[in-house]
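The sequence and coordinates are shown first, and the account follows.

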Amino acid sequence: MKVLSLKQPYAQLILEGRKKIELRKWNTKFRGEFLIHASQNPDKKSMESFGFDNLPCGMILGKANLVDVKKYLSEEDFENSGKEQLIERMIMPEEIAEIAVAIVKNDAMTGEVIVVDGGISLKTV
């Protein structure tokens with residue numbers, strides 16, 4: 001099984017379903033379940049800003065599901081995506097279906113951003 005290593009608190013935020021997009025400079029054709037690894041050294045400033053005092057580091061924490069890869073076509077698109085990268089609430093199943101339809105209809109959504117669903121997968125659309 002594949003593993004993605006992230007600094008805390010980002011590993012935890014993905015597992016909680018609050019972080020839906022992980023930025024990477026590389027592309028992947030992989031889709032499916034993968035393990036979330038918390039790297040040894042946390043991002044202390046981000047830990048504090050998200051209200052975490054102590055999170056496990058240097059270990060596998062759980063699983064997530066890579067459902068799509070998105071490529072930002074311009075710097076403006078990237079800058080406008082800030083709200084997509086961290087969410088404050090859980091998305092309802094109806095909203096997931098709407099997002100899935102939008103992704104399927106837009107053939108330009110490929111590239112460098114890994115979208116994860118925090119391990120909660122929609123079985124049928």
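## Basis of the description

Throughout, a residue is called buried under 20% relative accessible area, exposed over 50%, and partly exposed in between, with a 1.4 Å probe and protein chains only. By that rule Arg 18 is partly exposed, because its relative accessible area is 24%.

The model is predicted, so local features need pLDDT of at least 70 and side-chain atom pairs count only at pLDDT 80 or more, while totals for chains, interfaces and linings use all residues. Residues are numbered from 1 along each chain as its sequence is written, and side-chain values use heavy atoms, with hydrogens and water left out.

Helices (H or I, at least four residues) and strands (E, at least two) are DSSP runs, numbered from the N terminus.

## Salt bridges

The structure holds 3 salt bridges, each being a side-chain nitrogen of Lys or Arg within 4 Å of a carboxyl oxygen of Asp or Glu. One of them joins Glu 16 to Arg 18, with the closest N and O atoms 3.4 Å apart. Glu 16 has a relative accessible area of 31% and is therefore partly exposed.

Another salt bridge connects Lys 63 and Glu 33, at 3.4 Å from N to O. This pair links distant parts of the chain, since Lys 63 is in strand S4 and Glu 33 in strand S3, 30 residues apart. Lys 63 is partly exposed at 41% relative accessible area, and Glu 33 is partly exposed at 43%.

## The Lys 19 and Glu 22 pair

Lys 19 is placed in the loop between helix H1 (10-15) and strand S2 (21-23). Its side chain forms a salt bridge with that of Glu 22, at 3.4 Å from N to O. The two side chains are also joined by a polar contact of 3.4 Å. A polar contact is a pair of N or O atoms within 3.5 Å; within protein, one must be able to donate a hydrogen and the other to accept it, and residues adjacent in sequence count only if both atoms are side-chain atoms.

Lys 19 counts as buried because its relative accessibility is 7%. Glu 22, at 10%, likewise counts as buried.

## Nonpolar core

A nonpolar core is a set of buried Ala, Val, Leu, Ile, Met, Phe, Trp, Tyr and Cys residues joined through side-chain atoms within 4.5 Å. The largest one has 9 residues: Leu 4, Leu 6, Ala 11, Ile 14, Phe 34, Ile 36, Ala 38, Ala 64 and Leu 66. Two or more residues come from each of strand S1 (3-6), H1, strand S3 (32-38) and strand S4 (59-70). S3 gives the most, with 3 residues. In soluble globular proteins, nonpolar side chains tend to be buried together.

## Aromatic pair

Rings of Phe, Tyr and Trp (its six-membered ring) pair if their centres lie within 6.5 Å; planes under 30 degrees apart count as stacked, over 60 as edge-to-face and the rest as tilted. The count by this rule is 1 aromatic pair. The ring centres of Tyr 10 and Phe 50 are 6.4 Å apart and the planes stand at 80°, so the pair is edge-to-face.

Because Tyr 10 lies in helix H1 and Phe 50 in the loop between helix H2 (44-49) and S4, the pair ties together parts that are 40 residues apart in sequence. Tyr 10 is partly exposed at 22% relative accessible area, and Phe 50 is partly exposed at 23%.

## Ser 81

Ser 81 lies in the loop between helix H3 (75-79) and helix H4 (82-85). Its relative accessibility is 2%, so Ser 81 counts as buried. Ser 81 and Ile 21 are 60 residues apart in sequence, and their C-alpha atoms are 9.6 Å apart in space.
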